[in-house]
Amino acid sequence: MKAGHSARSRALLRAAAASTLLPASLLSMAQGEAWPSRPITYVVPFTPGGSTDVIGRLIAQKLGELLGQPVVVDNKPGAAGAVGAAYAAKAKPDGYTLFGGTISTHAINASLYKNLPYDPVKDFDPISLVAFLPNVLIVDPALGVDSVAELVALLRKEPSRRSFASSGAGTSTHLAGEMLGDMIGVKLTHIPYKGTPPAMLDVSSGQVTFMFDQITAALPLVQAGKLKLLAVTSARRMALAPALPTMQEAGVPGFEMASWQAVYAPRGLPAPVGQRLATEIRKILLSPEVKDKLSNQLGMEVVAGSPAELAALMQKEIPRWGELVRKSGASAN
């Protein structure tokens, strides 16, 4: 055999041996199969109509246009997002399953559930931090309080008023109430509901003293004179209600919290696919149309953060909410 032929043969053998060590997803890409070549599923772990669903559908529509393949939203609600997260965690890491994660699925649930059927860190690759979404403090106008300071004084004075509603145990709306009680030194009674509408209804009728929730959910009742906003939970005032003070400005030093939304994929995503997804999703979030809808219509602070920024946020948020869950004794088991 000639030397040239022998060298080429050895090179081919080395390439064949190396290919057997590649994961199937990377091997198919190395062999020239384009990604994506079929529809992508975007798992939303909550019911249609909520913030995570709205974000998911916006991203899905625009991402499908950019990638040339449909991106189909699949709602899998239940257990503060744990049902959908567990489903997505078990999917193949081939770029054909995305997950709309939140502060609940990837921070709070880690402490709230003793037997969580997925690991927020080990089972997912972070793709993009989408946006922060603060809650607002809501009361019944007939309660007779016009500020956070007046509400705190009422809670300290009248034990019968020490109740707050939430859209469900373990949600950010629940833990915001626990945080307030902890900071003002008053033991509050948490009353969980199956969603925001029934909770707000009971607050507006005076059956429950207050609650925290998203401003967009509260605005219709606020405009009808059935609810009153006292403050926003973020560190800065929100563009949608610039006259509304922050909790810190209103007299509760150190009170800061905001729910957040993000995009993940099952752990093990091929690097080129993850990079492409992060790039395209950032482009979508910073487009004037999408940014306007999320910021000015839904009250979100668009971030369009990198995978590294999302991973860093989780490292901070998981222990932070874990401490509050332990203090409050909250459990979803």
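Which residue in strand 8 is the bridge partner of valine 136? It's aspartate 213, and we'll come back to that strand below. What you're looking at is a predicted model, where local features need pLDDT of at least 70, side-chain atom pairs count only at pLDDT 80 or more, and totals for chains, interfaces and linings use all residues. Residues are numbered from 1 along each chain as its sequence is written, and side-chain values use heavy atoms, with hydrogens and water left out.

**The whole chain**

- The chain has 12 helices and 11 strands, taken as DSSP runs numbered from the N terminus (helices are H or I with at least four residues, strands are E with at least two).
- Of the 333 residues in the chain, 50% are buried, meaning under 20% relative accessible area with a 1.4 Å probe, counting protein chains only.
- Take the contacts (heavy atoms within 4.5 Å) between residues at least 6 apart in sequence: 77% of them join residues at least 24 apart.
- The accessible surface comes to about 15,100 Å², and 56% of that belongs to carbon and sulfur atoms; the area is from the Shrake-Rupley method with a 1.4 Å probe.

**Helix 4, tucked inside**

- Helix 4 (residues 82–89) is largely enclosed by the rest of the structure, because 6 of its 8 residues are buried.
- Those buried residues are Ala82, Gly84, Ala85, Ala86, Ala88 and Ala89.
- Their cover includes strand 1 (40–44), strand 3 (97–102), helix 5 (103–112), strand 4 (124–133) and strand 10 (259–266).

- Strand 5 (residues 136–139) pairs with strand 8 in the antiparallel sense over 4 bridges; pairing takes at least two bridges found by DSSP.
- Strand 6 (residues 163–166) pairs with strand 8 in the parallel sense over 2 bridges, and here alanine 165 has methionine 211 as its bridge partner.

**Helix 7 meets helix 12**

- Helix 7 (residues 172–184) and helix 12 (residues 307–328) pack at an angle of about 70°, with their axes 10 Å apart.
- That makes the two helices roughly perpendicular to each other, a label for angles of 65 to 115 degrees.
- On the helix 7 side, Leu175, Glu178, Met179 and Asp182 meet Arg320, Trp321, Leu324, Val325, Lys327 and Ser328 in helix 12.

Conventions: Axes fitted to C-alpha atoms, helices over the stretch in contact; angles between N-to-C directions. Parallel < 35°, antiparallel > 145°, perpendicular 65-115°, else oblique.
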